[in-house]
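Colleague: I would like to learn how to read a structure with two chains, and I would be grateful if you could take me through it step by step.
Modeller: Gladly; let us look at the picture together and begin with the domains.

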Amino acid sequence: MSKADAVTAATPGISTQYRDWLRRERRARLTVRGTQFALLVIFLVLWEVLPRAQLINPLFTSYPSALWPTFVELLKDTPQQPGILTHTWATVVATVIGFTAAMVLGTLVAAALWWWHGLYKVLDPYLVVANAMPKTAFVPIFYIWLGATLSIYAMSLAISLFITILVIYNGFQSIDPNKIKLAQTFGASRRQILTKVVLPGSVPTLIAALKVNAGLSLVGVVVGEFQSANVGLGYLIQYGSQIFKLNIVMTAITILAMVSSLMYLAISWLESAVMRRR
Amino acid sequence: MMPPPAPSPPPKVELRNVDLRYFGLSGETEAIKDISLAIAPGEFVAIIGQSGCGKSTLLSLISGILQPTGGGVLIDGKPVAGPSRKVGYMLQQDYLFEWRTILDNAVLGAEIQGADMRKARERATGLLTRYGLGQFLDHLPRQLSGGMRQRVALARTLTTEPDVVLLDEPFSALDSQTRLALADEVAEILRRERKTAILVTHDIGEAISMAERVIVLSRRPGRVKSDHAIQFAGATRPAPLAARNAPEFNVYFNTLWQELEVHVEG
């Protein structure tokens, strides 16, 4: 007895067409997943084979199979270096601090711009320019101003703050004016309109902003670490390239990829948890 | 010598020579010009007119969210300076907050006005139950149909216990069957609760079937063009749906149709 037969037996109301449709849907889903997995495998195989066949210089790329031994080796603290988990932790903490600060400050600034429309009119061009600026140009300056640790947080904040302000402010502006009018008919004060209509109505926007700025904050931290840190994955990448050990660089980059995937998963989980209430 | 006029109760809502002009950089627009009206307590008045004649603006003025540029609006003889607790406003759509449950939506007004929330919840629960929504209190708006959502909006309006209810085309977003059924229900609820009601609509049939007085506004700038008492034969007024079948309905309909001077543009 096949699986499809079992489904039919369990739910007698199901038609043959529906069963076929379900099967096609399932196959389509599996095809997408299979292709995604195949792409990853192809990438890893090429990365392994091309340098080994001397088609590209292994010195520049390392191999996937070299990463695990490097990782195991990096796990250990040495007199010169803390272990790789310490580096990863430092980067993750700085990123979380960066995007939390960007969310809090961004929401506060957006609320202030909403409250005083004149302020928005005045600051609008500056915000747009600040957002378009390559913030990484400030890495050396932040280092001079703020020192090793703070400059990393500052870079992480700077790179994600302005886009957060703009996204959240736009979200505030896109609240249905009739919802605000409704609150006004009950005599709502400006403060009540903000706390009972605008802010709760902008939760989807806040999550969208979080998605954007979590990734950006990670960029800010890594770039900041290039310059000034003695710990963190950005530092490890810089260090590995200076002593020309691409194994170290590639291991750190792979961990960065995992960190950003995990952050993305965490935010998606938060999003579905919040949206279930709507 | 003229005989003294019959004593009538002081008006619940009064407009005295109300003007409203909107200002824009390209000029000013006269939306409403010299409107004077008196609406008695418990009266159900419909205001009809073509789109853009200032009907909705008139409601915004009575609700106090808009101030006239000339003249005055009075409720119970006192000038309206801002949104008043005596006035409830039903907008064109329900505008329920999708993040609040049905009950939490219904008590929104009470919450904003800082009322006793325990009492407000009790009252809202009672209203919602009477409107057939008792088992949906903890549901979210998206789980309800359009007609149910508009009933929640009515409960939200009435939870704050206003004397005057303003209805701004409150059925216009609904399909035609729901629209007729809900008009029946709302008219009945407002009459039973002895609310003074002002309905703005461009639907002549809705105006005649629901209101006992229909006021026609002219094209912009809106002025009172005519004022009709709607009377049906019989001791009690028929419910809106039944009123549509009464012989008087068609007579009023034709009169008002001509008053409105509907021209199809193009």
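Colleague: Which domains does the domain assignment give for chain B?
Modeller: Please keep in mind throughout that this is a predicted model. In chain B the assignment gives domain 1, made of residues 41-86 together with 162-260, and domain 2, made of residues 97-161. When their centres are taken over C-alpha atoms, domain 1 of chain B and domain 2 of chain B are separated by 24 Å.

Colleague: How many residues does each domain of chain B bring to the contact?
Modeller: Domain 1 of chain B supplies 9 residues and domain 2 of chain B supplies 8 residues. On the side of domain 1 of chain B that touches domain 2 of chain B, the largest share comes from helix α6 (residues 176-192) of chain B, with 3 residues. Sorted by class, that side of domain 1 of chain B holds 7 nonpolar, 1 polar and 1 charged residues.

Colleague: At what angle do helix α5 (residues 146-159) of chain B and α6(B) pack?
Modeller: The angle is about 25°, and the axes of these two helices of chain B are 10 Å apart. Angles under 35 degrees count as roughly parallel, and α5(B) and α6(B) are therefore roughly parallel to each other. Their crossing, the one between α5(B) and α6(B), is right-handed.

Colleague: Which residues make the contact between α5(B) and α6(B)?
Modeller: From α5(B) come G146(B), G147(B), Q150(B) and L154(B), while α6(B) brings T178(B), L182(B) and V186(B). By class, this contact of α5(B) with α6(B) has 3 nonpolar, 4 polar and no charged residues.

Colleague: How many helices and strands does chain B have, and is its radius of gyration in agreement or disagreement with that of a compact globule?
Modeller: Chain B has 9 helices and 10 strands. For 266 residues a compact globule would have a radius of gyration near 18 Å, and chain B agrees with this, having 19 Å. Taken along the principal axes, the box filled by the C-alpha atoms of chain B is roughly 60 × 50 × 45 Å.

Colleague: How many helices and strands are there in chain A?
Modeller: There are 12 helices and 0 strands in chain A. The radius of gyration of chain A is 25 Å, well over the 19 Å that the globule rule gives for 278 residues, so chain A is more spread out than a compact globule. Along its principal axes, the C-alpha trace of chain A spans about 75 × 75 × 30 Å.

Colleague: Which domains does the assignment give for chain A, and how far apart do their C-alpha centres lie?
Modeller: The assignment gives domain 1 as residues 3-61 and domain 2 as residues 65-275 of chain A. The C-alpha centres of domain 1 of chain A and domain 2 of chain A lie 33 Å apart.

Colleague: At roughly what angle do the axes of α7(A) and helix α10 (residues 203-228) of chain A cross?
Modeller: They cross at roughly 160°, and the axes of α7(A) and α10(A) come within 9 Å. Angles over 145 degrees count as roughly antiparallel, and α7(A) and α10(A) are therefore roughly antiparallel to each other. The crossing in which α7(A) passes α10(A) is right-handed. By class, the contact of α7(A) with α10(A) has 19 nonpolar, 12 polar and 1 charged residues.

Colleague: Finally, how many residues of chain B are in contact with chain A?
Modeller: There are 17 residues of chain B in contact with 17 residues of chain A. Helix α3 (residues 108-112) of chain B gives the most to the side of chain B that touches chain A, namely 3 residues. By class, that side of chain B has 10 nonpolar, 6 polar and 1 charged residues.

Terms used
Residues numbered from 1 in each chain as written. Chains lettered and ligands numbered in written order. Predicted model: local features only at pLDDT ≥ 70, side-chain atom pairs only at ≥ 80, totals over all residues. Domains from an automatic or database assignment. Contact = placed C-beta atoms within 7 Å. Helix = DSSP H or I, 4+ residues; strand = E, 2+ residues; numbered from the N terminus. Nonpolar A, V, L, I, M, F, W, Y, C, P; charged D, E, K, R; others polar. Axes fitted to C-alpha atoms, helices over the stretch in contact; angles between N-to-C directions. Parallel < 35°, antiparallel > 145°, perpendicular 65-115°, else oblique. Left-handed = near helix turned anticlockwise from the far one by under 90°. Rg over C-alpha atoms; globule rule 2.2 N^0.38 Å.
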